[in-house]
Amino acid sequence: MPVLTVIMPVYNGERFIKESIDSVLNQTFSDFKLLVLNDNSTDNTAAILESYERQDERVAVITKTKNEGPANLRNEGIEKSKTEFIALLDADDIAQPSRFEKQFDFLNKNPDKGVCGTWFTFFGEKKNKTVKHAVTHDELKVQFLHSCGIGNPTVMFRKSALGDLRFEHQYVPAEDYGLWSQLLARTKFHNLPESLLLYRWHDSNISQTKVENLRKSERLIKIKQLEHLDISSNNPDIDYYLNAVSLKRKQSADSLIKTIKASHELLELNNTKQYYNPEIFKQHITRTIVRSIRNTKQKDMSLYRFVKNESRYFNFMSSLDKVTLLIKSLF
């Protein structure tokens with residue numbers, strides 16, 4: 001029995017899947033089962049998978065007769081996995097040779113951690129940009145208020161830590177953000193500060209083709225996280241709470257003032273509940289508000305006086321930002 005299951009959903013992946021599978025089979029860590037879920041592909045994917053299945057007993061293929069989508073396929077892979085440790089990889093990405101070895105070693109040495117990701121580097125049409133997400137659990141909890149802090153195809157996790165949580169179709173195409181943001185409250189996360197995955201960027205990336213659905217899903221996910229501070233989704237000021245933790249550019253002066261007041265409430269709530277590390281949470285909100293002031297659409301003297309005398313953020317602004325705010329408010 002292997003100790004790790006690698007889950008790889010694929011749909012019409014004939015162009016890139018060989019590279020992805022080879023990157024798994026050539027890992028320095030070899031004690032795994034690669035479970036590939038073929039989502040009723042209509043190209044040559046099935047033949048490629050059959051060839052790998054014959055050549056290497058570590059490869060197992062599940063072929064679907066109708067298209068179910070990557071979220072459902074990952075859930076099926078999780079259900080069928082017999083191992084405690086599960087790793088994810090997309091069918092167009094490439095795992096660096098030592099990825100599984102380093103993640104498995106980290107999780108073994110840190111039993112309090114349930115999820116381990118890594119940094120990753122774009123290649124393809126967006127080349128050589130390395131994404132360096134926050135590393136520690138406390139940092140990641142706060143980062144998730146703004147955006148997903150872990151690359152889904154870099155993840156290795158404990159099945160026991162996941163419990164009954166699964167990828168939810170309502171959050172597609174941000175189902176990974178939805179799942180990991182919920183799991184953050186149940187177990188500790190960690191990102192290895194090293195790029196151990198090549199993330200292929202191309203025109204068919206789901207995050208590019210379904211931008212509007214992505215924005216709607218991200219909004220729901222951020223609202224759900226604010227529930228940890230007793231901010232409900234039907235709160236009439238929910239947009240201002242969201243603006244306080246996730247930058248919204250070109251706010252009106254009135255919107256910005258309400259956002260700043262909402263930030264004060266969030267800081268007070270967290271000081272009571274201690275859900276987020278208070279210092280990291282304060283730093284995050286301060287950066288967000290200072291950037292919001294810099295990007296305000298409408299500036300006037302009433303806004304300037306509020307920012308200077310009541311916002312509590314004026315002293316955190318750079319000298320240039322202070323002067324710019326004053327000049328634009330005057331003229």
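Are Phe29 and Phe104 buried or exposed? Before I answer, please note that this is a predicted model, in which local features need pLDDT of at least 70, side-chain atom pairs count only at pLDDT 80 or more, and totals for chains, interfaces and linings use all residues. Residues are numbered from 1 along each chain as its sequence is written, and side-chain values use heavy atoms, leaving out hydrogens and water.

Both Phe29 and Phe104 are buried, where buried means under 20% relative accessible area with a 1.4 Å probe, protein chains only. Of the 331 residues in the protein chain, 54% are buried.

I turn to the aromatic rings. The whole structure holds 16 aromatic pairs; rings of Phe, Tyr and Trp (its six-membered ring) pair if their centres lie within 6.5 Å, and planes under 30 degrees apart count as stacked, over 60 as edge-to-face and the rest as tilted. Phe29 and Phe104 form a tilted pair, 4.8 Å centre to centre with 40 degrees between the planes. This pair links distant parts of the chain, 75 residues apart: Phe29 lies in the loop between helix H1 (17–25) and strand E2 (32–38), and Phe104 in helix H4 (residues 99–109). Helices (H or I, at least four residues) and strands (E, at least two) are DSSP runs, numbered from the N terminus.

Trp180 and Phe189 are an edge-to-face pair, because their ring centres are 6.4 Å apart and their planes are at 75 degrees.

Conventions: Buried < 20%, exposed > 50% of the residue type's maximum accessible area, 1.4 Å probe, protein only.
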